[in-house]
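Here is a short report on one protein model. Have the sequence and the structure open as you read.

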Amino acid sequence: MSKTFTLADVATHKDPENGLYIVIDEGVYDVTNFVDEHPGGAKILKRVAGKDASKQFWKYHNEGVLKKYSEKLRIGSVEEKAKL
């Protein structure tokens, strides 16, 4: 059901052609189809694509935002602890 990714796997998903994946805490999120809906703009998500975006995410969002979008966007988890 839920896939496990390495940080190297996530790093290959940093452009629209390969998909835009981000890591928040230990969760992996596919934001490819969400990028144009993001209230903060597409540029921000494209900048953190393929990376651990936990620090940036928590700076501007609360847990309610993660819960709201998690079911739609979460595709798995990272197998090792993400580096901030």
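## The annotated domain

UniProt, in an unreviewed entry, places the feature "domain: Cytochrome b5 heme-binding" at residues 2-79. UniProt positions follow the numbering used here, feature names are shortened, and annotations may be inferred rather than shown by experiment. The end C-alpha atoms of residues 2-79 lie 12 Å apart. The span is 38% helix and 26% strand. Helices (H or I, at least four residues) and strands (E, at least two) are DSSP runs, numbered from the N terminus.

This is a predicted model: local features need pLDDT of at least 70, side-chain atom pairs count only at pLDDT 80 or more, and totals for chains, interfaces and linings use all residues. Residues are numbered from 1 along each chain as its sequence is written, and side-chain values use heavy atoms, with hydrogens and water left out.

Start with strand E3. 6 of the 6 residues of E3 are buried, so E3 is largely enclosed by the rest of the structure. Buried means under 20% relative accessible area, exposed over 50%, and partly exposed in between (1.4 Å probe, protein chains only). In a regular strand the side chains alternate between the two faces of the sheet. Gly-19, Tyr-21 and Val-23 point one way from E3, while Leu-20, Ile-22 and Ile-24 point the other way.

Which strands pair with E3? Two strands pair if DSSP finds at least two bridges between them. Strand E2 (residues 14-15) and E3 pair in the antiparallel sense over 2 bridges. Lys-14 stands opposite Leu-20 there. E2 and E3 form a hairpin with 3 residues between them. E3 also pairs with E4, again in the antiparallel sense, over 4 bridges. Ile-22 stands opposite Tyr-29, and Ile-24 has Gly-27 as its bridge partner. The hairpin of E3 and E4 has 2 residues between the strands, and Asp-25 takes a positive phi near 55° in this hairpin.

E4 has a further partner. Strand E5 (residues 74-78) pairs with E4 in the antiparallel sense over 3 bridges. Here Tyr-29 stands opposite Arg-74.

## Aromatic pairs

The structure holds 3 aromatic pairs. Rings of Phe, Tyr and Trp (its six-membered ring) pair if their centres lie within 6.5 Å; planes under 30 degrees apart count as stacked, over 60 as edge-to-face and the rest as tilted. One of the pairs is Phe-5 with Tyr-21: the centres are 5.8 Å apart and the planes are at 85°, so the pair is edge-to-face. Phe-5 sits in strand E1 (residues 3-5) and Tyr-21 in strand E3 (residues 19-24), 16 residues apart. Phe-5 is buried at 5% relative accessible area. Tyr-21 is buried at 13%.

Another pair is Phe-34 with Tyr-69. The centres are 5.0 Å apart and the planes are at 55°, so this pair is tilted. Phe-34 lies in the loop between strand E4 (27-30) and helix H2 (42-48), and Tyr-69 lies in helix H4 (residues 63-73), 35 residues apart. Phe-34 is buried at 7%, whereas Tyr-69 is partly exposed at 24%.

## The largest pocket

The largest pocket has a volume of about 550 Å³. On a 1 Å grid over the protein atoms alone, a pocket is an open set of points with protein on both sides within 12 Å along at least five of seven lines, and lining residues have an atom within 4 Å of a point. Grid points are joined across faces, edges and corners, and a volume is the space filled by probe spheres set on the points.

Of the 24 lining residues, the closest to the pocket's centre are His-38, Ile-44, Leu-45, Phe-57 and His-61. E3, H2, helix H3 (54-60) and H4 each supply at least two residues of the lining.

Note on methods: On a 1 Å grid over the protein atoms alone, a cavity is a set of points where a 1.4 Å probe fits but cannot get out, and a pocket is an open set with protein on both sides within 12 Å along at least five of seven lines; lining residues have an atom within 4 Å of a point.
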